[in-house]
Amino acid sequence: MIEFRAVTKRFEDGTIAVDELDLTVEAGTITVFVGPSGCGKTTSLRMVNRMIDPTSGTILVDGRDVLTVDPPTLRRGIGYVIQQAGLFPHRTVLDNVATVPLLSGWDKRRARTRAAELLEIVGLDPAFGKRYPAQLSGGQQQRVGVARALAADPPVLLMDEPFSAVDPVVREDLQNELLRLQAELDKTIVFVTHDIDEALKLGERVAVFRKGGHLAQYAKPQELLSAPANDFVASFVGRDRGYRTLTFLHADVPVHPVATAKLGERITVADWTLVVDEQNRPKGWLSGVDGEVEVGEDDLVSGGSLYDGSSLRGALDAALSSPSALGVVVDDAGAVTGVVKADDVIQALAKARAAGEVPK
Amino acid sequence: MGAWLFDPAHWSGPTGIPVRLLEHLGYTLLTLLIAAVIAIPLGAFVGHTGRGGFAIVGLSNALRALPTTAVLILVVLWAGLGDFPVYVALVLLAVPPIMAGTYAGVRAVDPMAVDAARGVGMRESGVLLNVEIPNALPLIYGGFRGAALQVVATATIAAYTGAGGLGRFVFDGLALQEFGQMLAGAVLVALLAVLVDLGFAGLQRLTVSPGLRPAGTGGKR
Ligand SMILES: Nc1ncnc2c1ncn2[C@@H]1O[C@H](COP(=O)(O)OP(=O)(O)OP(=O)(O)O)[C@@H](O)[C@H]1O
Ligand SMILES: [Mg+2]
């Protein structure tokens with residue numbers, strides 16, 4: 001658990017980066033600090049491992065005042081991940097990851113064995129261990145940065161915009177990987193970002209900061225969306241927050257049967273037909289053909305997003321993005337199980353609201 | 001020159017080419033060692049703390065502006081003939097490039113890596129010794145090799161104060177009007193400079209992390 005008690009940071013030039021911050025980060029959760037640039041997120045984060053010392057106030061990590069601990073010793077017990085990873089260019093990937101165990105006095109052999117394990121944990125082939133950071137992609141470097149932070153198995157992890165320098169696809173991978181890791185490791189993670197979508201996706205609790213280091217709201221993601229504390233939070237979480245709320249709603253949406261056909265099959269197209277491969281996975285839609293036709297790859301209209309039963313947002317998006325207005329539902333193996341309709345999603349939403357499941 | 005250089009008589013005895021070569025190499029290496037011991041810690045410390053950078057640059061420039069022969073003569077007048085004035089003059093020549101290279105090298109280390117070094121719990125000495133210096137090595141070597149070339153060339157003036165080295169051939173040749181000997185001395189100096197530089201290039205290859213080589217050439221071996 002990390003507690004900020006009336007923490008203020010004023011820099012020498014008079015800038016008040018953080019102002020009387022009171023906040024408790026629960027043990028075993030991912031807490032996200034989000035807010036516009038310059039609002040004091042990094043400063044708040046760096047006060048936890050004493051990369052910056054507060055002007056006044058107290059920070060407790062697991063009940064211990066950080067100011068009573070010698071900074072290097074404190075930092076070895078707190079994982080730290082920064083933007084662009086900050087790997088040591090002159091050390092191999094394996095030695096980068098082994099840094100903290102070695103600093104903590106492990107012997108070289110044990111530290112390296114542990115480092116190799118960690119590469120696997122963060123989803124990197126251990127063969128990468130022999131490479132140097134310059135020989136990795138940005139996303140791979142970021143994974144190494146996470147592995148390095150986890151090496152000595154610290155209970156607390158501080159992450160400052162760790163995924164902001166990679167492209168959106170890789171970022172999503174890394175986010176999912178972090179969620180998967182956290183499910184296994186159960187660390188206390190403070191994650192800084194200025195991307196509200198990232199905050200809502202990763203955070204169990206989200207602290208919205210506003211300029212001057214003021215805490216505007218500290219709440220669960222769905223609460224930020226459904227009940228923003230003020231106009232600042234409302235505008236920061238964005239216009240389509242009603243739509244985003246659906247991310248946190250899980251309700252049954254009726255799944256309808258759908259006409260499917262395989263490539264090369266001869267069929268008579270009546271209305272929209274879903275074309276699938278041998279494993280029954282969706283390939284695209286077919287329509288607007290008169291009489292009997294042979295299903296060819298060229299005639300397919302590519303489909304929208306797929307709904308895997310996750311949340312109402314996924315169901316609605318699948319329906320809205322599909323050329324047939326039918327959202328394709330898939331099972332864990334990616335095989336088609338039916339389709340959903342936007343109307344049904346809206347009705348499911350109305351039902352959930354009536355049942356009091358939608359937070360106000 | 002060829003006749004003088006390849007005369008076997010000049011390749012033996014206490015005033016022969018091998019002895020003079022070794023003397024010259026001795027001046028060079030000891031000078032570089034002393035200069036490195038002074039310049040690397042200074043440059044690294046100032047680069048690490050970021051304080052006094054202007055002083056380092058000013059000092060380097062002032063030292064560079066000193067004419068080496070003038071320094072030599074002054075020290076001879078003060079301390080007499082021998083090796084001592086030679087070392088003073090040569091060390092003053094070698095310090096600025098090594099110090100500037102070290103300072104620039106440490107300053108140029110990726111600030112993210114330095115921040116991360118502190119963030120994972122290295123002490124300041126560890127940040128400097130285990131992250132900043134290893135990453136600064138290419139630039140430190142740059143300054144050092146530049147200094148080495150200057151020192152090899154300039155160590156010729158040792159002969160001026162009655163000491164040894166390849167400069168003997170140049171100055172004796174001049175005194176005796178033996179241009180073959182002078183030229184041979186000069187050629188030997190140039191040759192030694194190339195060899196010394198090759199030696200340090202090899203040392204650099206052995207001691208600089210492959211991770212710091214320019215992209216495309218480094219790493220997997
Ligand atoms: N060393 C410093 N000296 C003076 N002012 C500083 C210093 N570091 C940060 N600040 C100021 O403190 C404020 C908060 O900075 P901080 O880095 O915490 O913001 P941030 O929320 O992390 O922003 P970003 O999203 O851009 O990273 C800013 O106004 C910044 O200019
Ligand atoms: Mg920041």
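Which residues in α12(A) meet which residues in α13(A)? Select Leu312(A), Ala315(A), Leu316(A), Ala319(A) and Leu320(A) in α12(A); they meet Ala342(A), Val345(A), Ala348(A) and Leu349(A) in α13(A), where contact means heavy atoms within 4.5 Å.

Before moving on, a word on the ground rules: this is a predicted model, with local features needing pLDDT of at least 70 and side-chain atom pairs counting only at pLDDT 80 or more, while totals for chains, interfaces and linings use all residues. Residues are numbered from 1 along each chain as its sequence is written, chains are lettered from A and ligands numbered from 1 in the order written, and side-chain values use heavy atoms, leaving out hydrogens and water.

Now show both helices whole: α12 (residues 312-321) and α13 (residues 342-354) of chain A pack at about 155°, their axes 8 Å apart. (Helices are DSSP runs of H or I, at least four residues, and strands are runs of E, at least two, numbered from the N terminus; axes are lines fitted to C-alpha atoms, for helices over the stretch in contact, with angles from 0 to 180 degrees between N-to-C directions.) That makes α12(A) roughly antiparallel to α13(A), a label for angles over 145 degrees.

Next, the sheet: 6 strands, open, mixed pairing, in the order β6-β7-β8-β3-β9-β10 (chain A). Strands pair if DSSP finds at least two bridges between them. At the edges, look for β6 (78-82) and β10 (214-219) of chain A.

Finish on β9 (residues 205-210) of chain A, antiparallel to β10(A) over 5 bridges; Phe209(A) stands opposite Leu215(A) there.

Terms used
Parallel < 35°, antiparallel > 145°, perpendicular 65-115°, else oblique.
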